[in-house]
Amino acid sequence: MIVYHFCTSINEANAYILIDPETKQALLIDVPEWTPMMEQVLVEQQAQLKGVFITHEHYDHISGLQKLRQRYNGLKQYPEKDFFHNTNMNKTATLKLGDYEGQIISLPGHTPESVGLYIDGIIFTGDALFAGSVGGTISSLQAKQQIEAIKTKILTLPENTLIFPGHGPITLVSTEKKYNPFLQP
Amino acid sequence: MSEIAMLKYHINAGGIIALPDYVDKEIQERIQQGTLIGADLRRKNLRGVWLAGINLEGADLSGADLEFVVLSNARLHKCNLEKANLKRANLIGADLTEANLKDADLYYARLTSANLQKANLQGANLQRTILRCADLSYTILTNAHGEPIIDRTKMEGIIS
């Protein structure tokens, strides 16, 4: 798997382009902006953009959606609407990218509809979990819900799982378990 | 609008991030052995390189480009990081005791739970630097500037 990491000028939000090197299928994770450099990566890699995965609908993660859709008419967006109609707190869905199968994980807290994507030993956490920190919430109830989701759905992944957050540098499940002050017992 | 930074990660089976081509062969070999003790890495480009848990004790990284580098849980005791670019670096849980960070750029670097006892941060850029639960006891902060995030940070005996 190849991952391109773009730190954008929109609130320093991250966008990622995942590429399966075998099938050349690509997936965009969040779109704070759609830039010529992102387009260039797809061209250089001869990759075909299969869809866009949105971790949550805050402006700094979706501001480039309109421009992206103008460029890629009919581009598929994940999670699909059905995902949110399922009221089960432990809801999951799958997403295929070439030879890889990802799992969409509900991570409510930062927003009620925040999601993460776990694929090939790495997880994209949006603004639920950052290196050394967690996302902001608007109530203590949502804060509690977020911590619960992180502990049960991310910290239970293998220790060497790479974490690609919505802002800032990448990290590891074991590092967050050991040092993230918001996740200590 | 344009990107602030772009990084490329090759992720091998088992979730291992491959070292980028711009890292010298000799350095790559030492990284793979898990130690860079005393290494001469002056002005090297190590942007976004995965160096979590590595031993860099006494290494010279002055003027190195370490933006977005992952040095979580790394040993950087007595390292020379003078004028290093550590913007947005992951230094969570790192041992930076007695390190020289004079005039280093730590903009938005994550130093959560890092140990900086007796480090020299003279003239360092600490704008948005996350120092939550870090130990800054007896650090030199003369002319350090910016507004870091201080929360449960140990600051006994700092020199400012």
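Mentor: Let us begin with terms. Helices (H or I, at least four residues) and strands (E, at least two) are DSSP runs, numbered from the N terminus. Two strands pair if DSSP finds at least two bridges between them. Please note that this is a predicted model, in which local features need pLDDT of at least 70 and side-chain atom pairs count only at pLDDT 80 or more, while totals for chains, interfaces and linings use all residues. Residues are numbered from 1 along each chain as its sequence is written, and chains are lettered from A and ligands numbered from 1 in the order in which they are written.

Trainee: In what order do the strands of the seven-stranded open sheet stand?

Mentor: Strands of a sheet pair through backbone hydrogen bonds, either parallel or antiparallel. Here the order is β5(A)-β4(A)-β3(A)-β2(A)-β1(A)-β1(B)-β2(B), and the pairing is mixed. At the edges stand β5 (76–78) of chain A and β2 (16–17) of chain B; each has a single partner strand, so one side of each is left without a neighbour in the sheet.

Trainee: How many bridges link β1 of chain A to β1 of chain B, and in which sense do the strands pair?

Mentor: Strand β1 (residues 2–7) of chain A and strand β1 (residues 5–12) of chain B are antiparallel, with six bridges. As one example, C7(A) has A5(B) as its bridge partner. On β1(A) there is also an antiparallel pairing with β2 (residues 14–19) of chain A, again over six bridges; in this pairing F6(A) is opposite A15(A).

Trainee: Which strands does helix α1 of chain A lie across?

Mentor: An angle between elements is taken between axes, which are lines fitted to C-alpha atoms, for helices over the stretch in contact; angles run from 0 to 180 degrees between N-to-C directions. Helix α1 (residues 36–44) of chain A lies across β1, β2, β3 (25–29) and β4 (48–53) of chain A together with β1 of chain B, and runs at about 10 degrees to β2(A).

Trainee: What is the strand order of the six-stranded open sheet in chain A?

Mentor: The order is β6-β7-β8-β9-β12-β13, with mixed pairing. Its edges are β6 (92–97) and β13 (171–172) of chain A, each with a single partner strand, so one side of each is left without a neighbour in the sheet. Strand β7 (residues 100–106) of chain A runs antiparallel to β6(A), with six bridges between them. Within this pair, K96(A) is opposite E101(A), and T94(A) has Q103(A) as its bridge partner. The two strands form a hairpin with two residues between them, and G98(A) in the turn has a positive phi of about 55 degrees. Next, β7(A) and β8(A) are antiparallel over four bridges, with I104(A) opposite L117(A). Strand β8 (residues 115–119) then pairs with β9 (residues 122–126) of chain A in the antiparallel sense over three bridges, where I119(A) is opposite I122(A).

Trainee: How many residues does each chain give to the contact between chains A and B?

Mentor: Two residues are in contact if their C-beta atoms, placed from the backbone, lie within 7 Å. Chain B gives 30 residues and chain A gives 31 residues. To sort them, Ala, Val, Leu, Ile, Met, Phe, Trp, Tyr, Cys and Pro count as nonpolar, Asp, Glu, Lys and Arg as charged, and the others, Gly among them, as polar. On the chain B side there are 14 nonpolar, ten polar and six charged residues.

Trainee: Is I62(A) buried or exposed?

Mentor: A residue is buried if 20 or more other C-beta atoms lie within 10 Å of its own, exposed if 12 or fewer, and partly exposed in between; C-beta atoms are placed from the backbone. I62(A) is buried, because 21 other C-beta atoms lie within 10 Å. This residue belongs to helix α2 (residues 59–62) of chain A. Not counting residues up to four places away in sequence, I62(A) touches V31(A), I54(A) and E57(A).

Trainee: What elements make up chain B, and in what order?

Mentor: From the N terminus on, they run β-β-α. Buried residues account for 52% of the 160 residues in chain B.
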